[in-house]
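This report describes a strand arrangement and a group of aromatic side chains. Please keep the sequence and the structure in view while reading.

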Amino acid sequence: GLSVDAAHQGRGVGRAAVLALMAHLQAQRGFREVALSYDPGNTRAKQLYASLGFVETGEEEDGETVARWRPS
């Protein structure tokens with residue numbers, strides 16, 4: 001899981017971490033997608049992931065919303 005302390009949110013820390021993960025995975029052979037989940041009430045997470053191209057799938061995992069990203 002990834003959490004950014006409330007005192008540091010809104011500074012691009014989460015975005016930078018997710019972008020670094022995506023770049024790393026894109027460099028891997030055989031990589032097809034990234035899946036993640038977040039609390040459906042966490043609108044900041046939802047907005048962040050949507051802005052990075054993650055699409056909600058309608059799936060739920062342990063009560064959390066699942067979103068997936070596939071490279072172009």
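## Aromatic pairs and the sheet

The count of aromatic pairs comes to four, where rings of Phe, Tyr and Trp (its six-membered ring) pair if their centres lie within 6.5 Å, with planes under 30 degrees apart counted as stacked, over 60 as edge-to-face and the rest as tilted. The model is predicted, so local features need pLDDT of at least 70 and side-chain atom pairs count only at pLDDT 80 or more, while totals for chains, interfaces and linings use all residues. Residues are numbered from 1 along each chain as its sequence is written, and side-chain values use heavy atoms, with hydrogens and water left out.

| Pair | Centre to centre | Angle between planes | Type |
|---|---|---|---|
| Tyr 38 and Tyr 49 | 5.5 Å | 35 degrees | tilted |
| Tyr 49 and Phe 54 | 5.7 Å | 65 degrees | edge-to-face |

Why does the pair of Tyr 38 and Tyr 49 tie together parts that are eleven residues apart in sequence? Tyr 38 belongs to strand β1, whereas Tyr 49 belongs to helix α2 (residues 43-51), and the pair therefore links these two parts. Helices (H or I, at least four residues) and strands (E, at least two) are DSSP runs, numbered from the N terminus.

The residues of these pairs can also be described by accessibility. Buried means under 20% relative accessible area, exposed means over 50%, and partly exposed lies in between (1.4 Å probe, protein chains only). Tyr 38, at 6% relative accessibility, counts as buried. Tyr 49 is buried with a relative accessible area of 11%, and Phe 54 is buried with 6%. One aromatic cluster is formed by Phe 31, Tyr 38, Tyr 49, Phe 54 and Trp 69.

The strands come next. Three strands form an open sheet in the order β1-β3-β2, with antiparallel pairing; two strands pair if DSSP finds at least two bridges between them. Because β1 (34-38) and β2 (55-61) stand at the edges with a single partner strand each, one side of each has no neighbour in the sheet. Strand β1 is joined to β3 (residues 64-69) by five bridges, and the two run antiparallel. Ala 35 stands opposite Arg 68 in β3.

Strand β2 contains Glu 61. Is Glu 61 buried or partly exposed? Glu 61 is partly exposed, with a relative accessible area of 47%. Its C-alpha atom is separated by 26 Å from that of Gly 10, which is 51 residues apart from Glu 61 along the chain.
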